[in-house]
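Please examine the model shown below. The questions that follow ask on what grounds its residues and contacts receive their labels.

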Amino acid sequence: MKTPKAVPYLLPPDIVVAVQPWCFTDGRELGDRLDHWDPFVELDLVRIVEVDLDETRRSCQLPEDAAFALVATWSSNRTRITGDGTVVELGDLRGTVRTALTLTVPGSESGGRLTLRTRLVLRYPGEEPSPISPRRIGAILWEEGCHIAVEGGAARFPITAADFKSIPHFPDTAAWFLEWDSDDLEAPVLGGMRLLVNSGHESIPDMLRSGSSDPRAGMLRSFVTFDVARSLIAGALRNDGFVNDPESFEDGTVGRMIFELIALCWPGKPIPTMRSRINEDTALVNAEIQARFGILA
C-alpha cells in the first residue's frame, strides 16, 4: 500500500497510547546512530505500537464500522529511495490494540540519514461518517517520525550494490567500479564518490559484508582497498588544482580525503614530488600503496 503524501488529519496525541522505539529483531534498541552500518546487510527492525481505536473514531467522528491500518515507511536522504513495511490491518477492532510493526531497510538502497515514519491511516470511513470526518482511503490520521544516522560520525566510504547488467557501458562480469570525478575534488565524499559492487556476482557482495565467514573475504577486501586507493591517488595527482594547492580543500571533501590518504602513505612527501614519482615509475608507487595497506596480508 502506498501511503499518500498529504497533510495528516490532526488527532489528539493520546490516540496512540504507547510507541516503543525501533529495535533490531534481537531486541537491541536502534537509537539515533548506527556506527557499524554495512551496505550489504538489510536492517530488520520492529517496534510495538498501542492505539486507542475507540478514541480515534470519536475524535474523527467516524462510525463503529470504520477501519484502520498501521504502516511504517523508510527513506534515505542519500539515495532518495523510499520503502514501505508490512501493513498491519486493524480493521474495525474496538478498544486499545497493541501490535508489532516491522520494517526491512535494504542496505544497498540506504545510507546517510535514514528517516523512519509510523502512520495510522484510514482504510474505510464506514457507512455513515459525519460531514467533517476523513473519508479518503489512505488518509493519514496520525504519524510519528525519527531520524537515524546510519554512517556514524566518521562516515564510511559510500558503497552501493548494483547489477552491472542493468548499467549501460559497464562490463557485465566486472566485480566493482569506483564512480567519481577527479575534476570535482570540492564535492563531499558522500555525494562525490561511491563504490559500485556488482550484485550479479553472488559471492562478491557476501564476501564484502562485515563478519563474512568466507575465507576469501579478507583477500577480496584487500584488493578492493588497494584498487580504490590507487585510483584516487592517481586521479588526484593528474589534477593541477590539487597538486598546486592540496591543502585548500575543506574537511569532508574528496580533495581533503585524498590529501590525507597521500599523507598517510608517504608522510612528509610534497604533493608535487608524488606527481613526479607516479609519472616516472607508476609500478613502484603502486607497490608502495600495496605495502601500506597490507594487500594479501
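Q: How many of the 297 residues of the chain count as buried, as a percentage, and by what rule?
A: Of the 297 residues, 45% count as buried, that is, they have under 20% relative accessible area, whereas exposed means over 50% and partly exposed in between (1.4 Å probe, protein chains only). The model is predicted: local features need pLDDT of at least 70, side-chain atom pairs count only at pLDDT 80 or more, and totals for chains, interfaces and linings use all residues. Residues are numbered from 1 along each chain as its sequence is written, and side-chain values use heavy atoms, leaving out hydrogens and water.

Q: What makes the pairing of the Thr115 and His147 side chains a polar contact?
A: The distance between the two side chains is 2.9 Å. The rule asks for a pair of N or O atoms within 3.5 Å; within protein, one must be able to donate a hydrogen and the other to accept it, and residues adjacent in sequence count only if both atoms are side-chain atoms. The side chains of Thr115 and His147 therefore make a polar contact.

Q: What makes Asp54 and Arg57 a salt bridge?
A: Their closest N and O atoms are 4.0 Å apart, and the definition calls for a side-chain nitrogen of Lys or Arg within 4 Å of a carboxyl oxygen of Asp or Glu. The pair therefore counts as a salt bridge. Both lie in helix α1 (residues 53–60), and because they are 3 residues apart, about one helical turn separates them.

Q: Why do Asp54 and Arg57 receive their accessibility labels?
A: Asp54 counts as partly exposed because its relative accessibility is 31%, while Arg57, at 4%, counts as buried.

Q: How do you know that Glu143 and Arg119 tie together separate parts of the sequence?
A: Glu143 forms a salt bridge with Arg119, with 2.7 Å between the closest N and O atoms. Glu143 lies in strand β9 (residues 140–149) and Arg119 in strand β8, so the pair ties together parts that are 24 residues apart in sequence. Glu143 is partly exposed because its relative accessible area is 29%; Arg119, with 13%, is buried.

Technical notes
Helix = DSSP H or I, 4+ residues; strand = E, 2+ residues; numbered from the N terminus.
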